[in-house]
Amino acid sequence: MSLRSERLRRRVQAWHNNVQSLAPVASGQLLRVVGLTLEAVGCRAPVGSLCQIETLNGQLTAEVVGFDDQVLYLMPVEELKGVLPGARVTPMGQRQGLPVGPELLGRVLDGNGEPLDGLGPLATRERAPHHATLLNPMARRPIHQPIDVGVRTINAMLTVGEGQRMGLFAGSGVGKSVLLGMMTRGTNADVIVVGLVGERGREVKEFIEEILGPEGRARSVVVAAPADTSPLMRLRACETATRIAEHFRDQGRNVLLLMDSLTRYAQAQREIALAIGEPPATKGYPPSVFARLPQLVERAGNGGVGQGSITAFYTVLTEGDDQQDPIADAARAILDGHIVLSRALAESGHYPAIDIEASISRVMPMVTEPLHLEAAQLIKQLWSAYRQNQDLIAIGAYSAGSDPQVDKAIAMQPAFNAFLRQAMKTPVDYEQSLTQLARLAAQCRN
């Protein structure tokens, strides 16, 4: 074979390797629409892929969420309008990768990773697949050092380690969003990723402009899917925020992931599952909800050697302040601790309304010194003693001298309240928190 023929053969082979075999795409038609579920026949597409549906208003994008024999179940990504019987349904293939990179800092995105802030297109240079490779649990670094969240009560009494996953349990209107904003202002994490899922549209802008502020926003990525978006978009928003956090962790950054809320994620999955016929199990929640919760949460945490960490806070809405809500109960089992916000404390003007008696950080003994742990336990014991006798004290039925521990707790209440309260825009770093904790513990021992 001549040299010219060999070069030609190589060029043809290279061209052949670069050309993907494209099977003809068969379009189907829309058979039925029930609620937010669309049923299509005559086309084939895998679960998770996208389809285009012709409507009176143009093209509608929907995702394949299930199938039954030859019928595809689809869920619209945007608002369902202008759909006609027998409309053409054309498979589009898998979703494109998610834009990632430092260019995302300071931006507000929707569940698909598209900008919502009106600051123009994203100038990212790379895209990441929507689903990252799961980390081998044996390859993860152990949690061995604390992270500063800028909130004195958490730093001192409920110390959080880098790579820990914490739940923030509360009913509505007790200060969850404000507490998250305090963390964004005071944390020493390299990057902050905030997921606002299922919130009122008004609250999204208020959180970004008032609570997060320019300083917090400069090193944050916000992914928002308000309550009026489709359940599929709300589901994607949580996964997009987690995927962005994973990218920064893989780059060696320490990430603080704030997800508000895990309950909205579960409710979005419940809407989708019930719409395609999955039977309800626990209080109306299908089994797939409890399967997806750990899949999302386990993606946070420490990376392997050379990688950073994702320290995550997931808010969990407790309906009627019921701590035995099925989602709250499931979250408590898969997270590394929980912080409970008390409505009684919030109603008395005690902010942040953290109930230290009902809260716990499971890794605190591993990331704190013995003296720190001992001081926190002493204050918690005295606080608990006062709370257990609060009704007797309030009506004057408690006699001074009956219990020395209760007497000490009563005397220390003003100091405890001053220590556990904190203004929203006044962060307290980790070292300051420990110094003030040691001073308070010394007062308790005197």
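This briefing describes the overall make-up of one protein model and then some of its parts.

The model is predicted: local features need pLDDT of at least 70, side-chain atom pairs count only at pLDDT 80 or more, and totals for chains, interfaces and linings use all residues. Residues are numbered from 1 along each chain as its sequence is written, and side-chain values use heavy atoms, with hydrogens and water left out. The protein has 14 helices and 17 strands; helices (H or I, at least four residues) and strands (E, at least two) are DSSP runs, numbered from the N terminus.

**Overall**

- Taken along the principal axes, the C-alpha atoms of the protein fill a box of roughly 100 × 60 × 40 Å.
- Of its 446 residues, 50% count as buried. Buried means under 20% relative accessible area, exposed over 50%, and partly exposed in between (1.4 Å probe, protein chains only).
- Among contacts between residues at least 6 apart in sequence, 72% join residues at least 24 apart. A contact means heavy atoms within 4.5 Å.

**The barrel**

- Six strands form a closed barrel in the order E1-E2-E5-E4-E3-E6, with antiparallel pairing. The twist averages 45° from one strand to the next. Two strands pair if DSSP finds at least two bridges between them.
- Strand E1 (residues 28–34) and strand E2 (residues 37–41) run antiparallel and are joined by five bridges. Arg 32 stands opposite Glu 39 in E2.
- Helix H5 (residues 231–250) packs on the sheet and touches strand E3 (50–55), strand E4 (58–68) and strand E5 (71–76). The direction of H5 makes about 75° with that of E5. For such angles, axes are lines fitted to C-alpha atoms, for helices over the stretch in contact, and angles run from 0 to 180 degrees between N-to-C directions.
- Asp 69 lies in the loop between E4 and E5. Asp 69 has a positive phi of about 60° although it is not a glycine, and it is exposed, with a relative accessible area of 65%.

**Strand E16 and its partners**

- Strand E16 (residues 337–340) is covered on both faces: Gly 337 and Ile 339 on one side, and His 338 and Val 340 on the other, are all buried.
- Strand E10 (residues 165–170) runs parallel to E16 and is joined to it by three bridges. Gly 167 has His 338 in E16 as its bridge partner.
- Strand E17 (residues 360–361) runs antiparallel to E16, with two bridges between them. Gly 337 stands opposite Ser 361 in E17.

**Helix H14**

- Helix H14 (residues 430–445) has 16 residues and should span 22 Å at 1.5 Å a residue; its end C-alpha atoms are 23 Å apart, which agrees. The expected span is 1.5 Å times one less than the number of residues.
- The buried residues of H14 are Tyr 430, Ser 433, Leu 437, Leu 440, Ala 441 and Cys 444. They cover an arc of only 100° around the axis, which puts them on the same side of H14. The arc is that of the directions from the helix axis to the C-beta atoms.
- An α-helix has 3.6 residues a turn, so residues three or four places apart point the same way.
- The buried residues of H14 pack against helix H2 (152–157), helix H10 (364–367), helix H11 (370–388) and helix H13 (404–420).
- At the N-terminal end, Asp 429 caps H14, with a side-chain oxygen 3.2 Å from the backbone nitrogen of Glu 431.

- Thr 368 lies in the loop between H10 and H11 and is buried, with a relative accessible area of 13%. A polar atom of its side chain lies 2.7 Å from the backbone oxygen of Met 364. Leaving aside neighbours within four places in sequence, Thr 368 is in contact with Thr 159, Leu 373 and Tyr 430.
- Pro 146 is in the loop between strand E9 (126–128) and H2 and counts as partly exposed, at 24% relative accessibility. Leaving aside neighbours within four places in sequence, the contacts of Pro 146 include Thr 159, Val 367 and Tyr 430. Pro 146 and Tyr 430 are 284 residues apart in sequence and 8.7 Å apart in space, C-alpha to C-alpha.

**Cis peptide bonds**

- The peptide bond from Asp 260 to Ser 261 is cis, with omega near 15°. Ser 261 is in the loop between strand E13 (254–260) and helix H6 (262–275).
- Tyr 351 and Pro 352 are joined by a cis peptide bond with omega of about -10°. Pro 352 is in the loop between helix H9 (343–347) and E17.

How values were computed:
Polar contact = N/O pair within 3.5 Å; in protein donor to acceptor, adjacent residues only side chain to side chain.
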